[in-house]
Amino acid sequence: MSGPMRSYLDFEKPVAELDSKIDELRTLAASGSDIHEEVEKIEEKAQQALHDLYAALTPWQKTQVARHPQRPHCVDYIEALITEFTPLAGDRKFGDDEALVGGFGRFRGESVCVIGQEKGSTTETRLRHNFGMARPEGYRKAVRLMEMADRFDLPVLSLVDTAGAYPGIGAEERGQAEAIARSTEACLQLGVPNVAVVIGEGGSGGAIAIATANKVLMLEHAVYSVISPEAASSILWRDGTKAQEAANSMKITAQDLLKFGVIDQILAEPKGGAHRDPAAMIATAGDAIAAAFAELKGQGRDAIRAHRRQKFLDIGRKLA
């Protein structure tokens, strides 16, 4: 998760300067200087600056927050929310893909299947998890897990955090598009409730493949889009530097997507983003996941499928 050194985004420079000043004053206070009142005043100023910044983030700034390296990742949610977690590996066709983590455990005492994309938090883990960009075997592993969950009548929880499916030559040769389509189909065919949470980036088909759920929740500063702002900029203007302009036009924020019915609920983040208080964010997500599953509990298999089908048919037709 987050390391001891806090990482600041470009637009957080005013807060970074205040925090630096606070650190200097605390060092002086530790040496015996009586400056506690001054420290408190600057702390209040820093908190207010942080509040003002995050109350009016642009879509591009939200994209930066969603990609923050210290933001809690899939494995952090699993570690905090899932007990007796047993990961499963491999798609039984080609191999294992560590970009997609999956297995079975207990969520608040109830058995559950968990599937999620893991970006990694260090250089070593980022390379091992391929920055959360799954290959075909990752999505085929997801299908295998969902089929097992459906067979044993276990609900499915998906944790979405990927820039998109891996676009490498090998992945395309092994049927990337077909694997994504099969995974999306597996989501739709589930006779058990499934809940998806967009915890960071929800990128294109790579996200949809595990996020076609009865309930789709999204963190306040996460993003969810058919294409990254950088890629959209390159396609529309042949200029990758216009990513900010693309992001502002693409309706990728949780607030926009709730209006269109793409998602069902926005989960409030701690002041300054999930990376500033991961434990609080994970606790909030846990409560929302529990409430979503409780709402779906007791419905028959046909009703669950009909609910999911209607949800996606209604997208764009009913504005909130």
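Is cysteine 74 buried or exposed? Cysteine 74 is buried, with a relative accessible area of 0%; here buried means under 20% relative accessible area, exposed means over 50%, and partly exposed lies in between (1.4 Å probe, protein chains only). The model is predicted, and local features need pLDDT of at least 70, side-chain atom pairs count only at pLDDT 80 or more, while totals for chains, interfaces and linings use all residues. Residues are numbered from 1 along each chain as its sequence is written, and side-chain values use heavy atoms, with hydrogens and water left out.

A disulfide is defined as a pair of cysteine sulfur atoms within 2.5 Å. By this rule the count is zero disulfides. For cysteine 74, the nearest cysteine sulfur belongs to cysteine 113 and is 11 Å away, and cysteine 74 is in no disulfide. Cysteine 187 is likewise in no disulfide, with the sulfur of cysteine 113 as its nearest at 10 Å. Cysteine 187 is buried, at a relative accessible area of 0%.

Cysteine 187 is also among the buried residues of helix α8, which are Gln176, Ala179, Ile180, Ser183, Thr184, Ala186 and Cys187. Seen down the axis of α8, these buried residues fall within an arc of 155 degrees, so they line one face of the helix; the arc is that of the directions from the helix axis to the C-beta atoms. Helices (H or I, at least four residues) and strands (E, at least two) are DSSP runs, numbered from the N terminus. The buried residues of α8 pack against α6, α7 (169–173), β5 (194–203), α9 (204–211) and α14, where contact means heavy atoms within 4.5 Å. Helix α8 has 14 residues and reaches 20 Å from its first C-alpha to its last, close to the 20 Å expected at 1.5 Å a residue. The expected span is 1.5 Å times one less than the number of residues in the helix.

Salt bridges were searched for in the whole structure, and 19 were found. A salt bridge is a side-chain nitrogen of Lys or Arg within 4 Å of a carboxyl oxygen of Asp or Glu. Arginine 182 is partly exposed at 47% relative accessibility, and glutamate 185 is partly exposed at 33%.

Other salt bridges connect separate elements. Lysine 311 forms a salt bridge with aspartate 264, with 3.0 Å between the closest N and O atoms. Lysine 311 is in helix α14 (residues 301–314) and aspartate 264 is in the loop between α12 (254–260) and β8 (265–267), so the pair ties together parts that are 47 residues apart in sequence. Lysine 311 is buried at 9% relative accessibility, whereas aspartate 264 is partly exposed at 33%. Aspartate 96 forms a salt bridge with lysine 141, and their closest N and O atoms are 2.8 Å apart. This pair links distant parts of the chain, since aspartate 96 is in the loop between β1 (82–87) and β2 (100–107) and lysine 141 is in helix α6 (residues 136–151), 45 residues apart. Aspartate 96 is partly exposed, with a relative accessible area of 39%, and lysine 141 is buried at 2%. A network of salt bridges links Arg67, Lys119, Asp161, Glu201 and Glu230.

Strand β2 is mostly covered, with seven of its eight residues buried. Two strands pair if DSSP finds at least two bridges between them. Strands β1 and β2 pair in the antiparallel sense over four bridges, and threonine 83 has arginine 106 in β2 as its bridge partner. Eight bridges join β2 to strand β3 (residues 110–117), and these two strands run antiparallel. In β3, serine 111 is the bridge partner of arginine 106.

Most residues other than glycine have a negative phi. In the hairpin of β2 and β3, which has two residues between the strands, arginine 108 takes a positive phi near 55 degrees. Serine 204 also has a positive phi, near 55 degrees; serine 204 lies in helix α9 and is partly exposed, with a relative accessible area of 29%. For lysine 251, phi is positive and near 55 degrees. Lysine 251 is in the loop between α11 (243–249) and α12, and is partly exposed at 43% relative accessibility.
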